[in-house]
Amino acid sequence: MANVNITAALPGNHIEPSIAVSTLNPNIMCVVAVEDSTGTALTGFYRSIDGGATWSTTVLPQAPGYMSAEAPTIDYTFPDTFIVAVHYFNEFMDGTIATYTSFDNGVTFNPPVIVQRGFGLYVHNDEPFIAVDRSPSSPYRGNAYVGYTPIYDLSQNSAIFFQRSLDEGITWERPLRISDPRGELDRAALAVGLAGELYVGFIQTRSDLPTNAYVRVSLDGGVSFNPPVTRGATFIASTVPVPSPLPVPNYAFRVQTNLSLGTDISAGQFGGFVYAVWNDFRLGYADVFFSRSPDGLLWSTPVTITGAPAGSQNFSPSITVSPSNGTVRVIYYTNRVNGFLLDVFVAESFNAGVSFANRRISDVSTNPNGNSPTPVPLIGDYITAATKFPDTLAAVWNDSRLGKQDIIFGN
């Protein structure tokens, strides 16, 4: 299928898309993104019932007292439930995490539920990530999990926090702290394994602390995590954060060094494996690195998976793993085609990450600055890959082929 511009008919800009696909009816897909078509940043919601060929568009309502929203993510669980997590804020920077739940495949949503309120300038909760347990062999199937990042005093001190819901986002339990509070952390990564194992990962980027990727594991549906936070999280790999902006003339957009986690919940040979990807600057340019683990505790030596030319910039990876056969796919931005213009590629592995083949999924190379006469500071901090059952890529990203930032669907 050629790329589909989901937001072409809408005014304004649209960034940070997240996609979820129904397993029971893979033609039903739901996407959320930040959009400012009404003049302020809100949560755009887009739905397809024909496998991504056409999309309806709307905006999810704000909770009273909050003027804007950003950083939305979405996930799906059986039989017809989609849950959205967002970051609300207002003029007091009162960063608050909220969720919406649809029990009818995205036709309607319940009013927003506050997960965790912020505290003005003192604690700003940011960067939510939603994950729902849909593993057929999990005793915790249907549990919903959200990770987020409280930022203290708007300083470099931040941490990863976690909450769970046993009723698909209608109520949320008390928060647990996943990371050391002295970190400088952007976005949590959550993934649910074959038997309901919950993995919460993050990358520490504070300059006076080790810049490593870590993960903590819950074997009881999010009640507790190993190892205890007082002993530090499980080490995945050392990382070298990418510069922000990247060292390309006329690039000014922010690039975070974030982790993306995937799990194999198939009945195949590598069922139960866990995979991690992130962008890294150890080679002197941004590239995507990959590590795998049979249990979330012992991780392989990181390897680059893009096959991109040395010196090209490859960043913002998002991983998805087929629940039917374990195919691993990682999408990412790259300037490998033009040197300045951006494309989206996918690295695909059919042998549990032993080897990868790369192909282009964007059908147009676009200027990250769009129609702006000056370089733009933000094109969004993430793009998202999902699997359309049984084994087809469903990817969303934003590009400026029409001169504004739009949400694009491709496979």
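Seven strands, β2 (14-21), β6 (68-77), β10 (123-132), β14 (189-192), β18 (259-263), β22 (314-321) and β26 (384-388), each contribute at least two residues to the lining of the largest pocket. The structure described here is a predicted model. Among these strands, β22 provides the largest share of the lining, six residues. The space inside the largest pocket amounts to about 940 Å³. Its lining is made up of 50 residues, and those closest to the centre are D75, R134, I319, T320 and A385. Sorted by class, the lining of the largest pocket holds 27 nonpolar, 18 polar and five charged residues.

Of its 21 lining residues, N13, I15, D36, L378 and Q405 lie closest to the centre. At least two lining residues come from each of β2, β3 (29-35) and β6, and β2 gives the most, with three residues. The lining of this second pocket consists of eight nonpolar, eight polar and five charged residues.

The largest nonpolar core contains 23 residues, of which L246, F253, I331, I361 and W397 touch the most other members. Strands β23 (328-334), β24 (343-349) and β27 (392-399) each supply at least two residues of this core, with β27 giving the most, three residues. What does L246 touch, leaving aside residues up to four places away in sequence? The partners of L246 are Y251, F253, V255, A286, Q313 and F315.

F78 and P79 are joined by a cis peptide bond, with omega about -10°, and P79 sits in the loop between β6 and β7 (81-89). Another cis peptide bond runs from F389 to P390, where omega is near 10°; P390 belongs to the loop between β26 and β27.

At E127, phi is about 55°, and at N250 it is near 75°. Where are E127 and N250 found? E127 is part of strand β10, whereas N250 lies in the loop between β17 (234-238) and β18. Is each one buried or exposed? E127 counts as buried because its relative accessible area is 7%, under the 20% cut-off. N250 counts as exposed because its relative accessible area is 52%, over the 50% cut-off.

Notes. Residues numbered from 1 in each chain as written. Predicted model: local features only at pLDDT ≥ 70, side-chain atom pairs only at ≥ 80, totals over all residues. Heavy atoms only, no water. 1 Å grid on protein atoms, 1.4 Å probe; cavity = no way out; pocket = protein on both sides within 12 Å on 5 of 7 lines; lining within 4 Å. Points joined across faces, edges and corners; volume = space filled by probe spheres on them. Helix = DSSP H or I, 4+ residues; strand = E, 2+ residues; numbered from the N terminus. Nonpolar A, V, L, I, M, F, W, Y, C, P; charged D, E, K, R; others polar. Core = buried A, V, L, I, M, F, W, Y, C linked by side-chain atoms within 4.5 Å. Buried < 20%, exposed > 50% of the residue type's maximum accessible area, 1.4 Å probe, protein only. Contact = heavy atoms within 4.5 Å.
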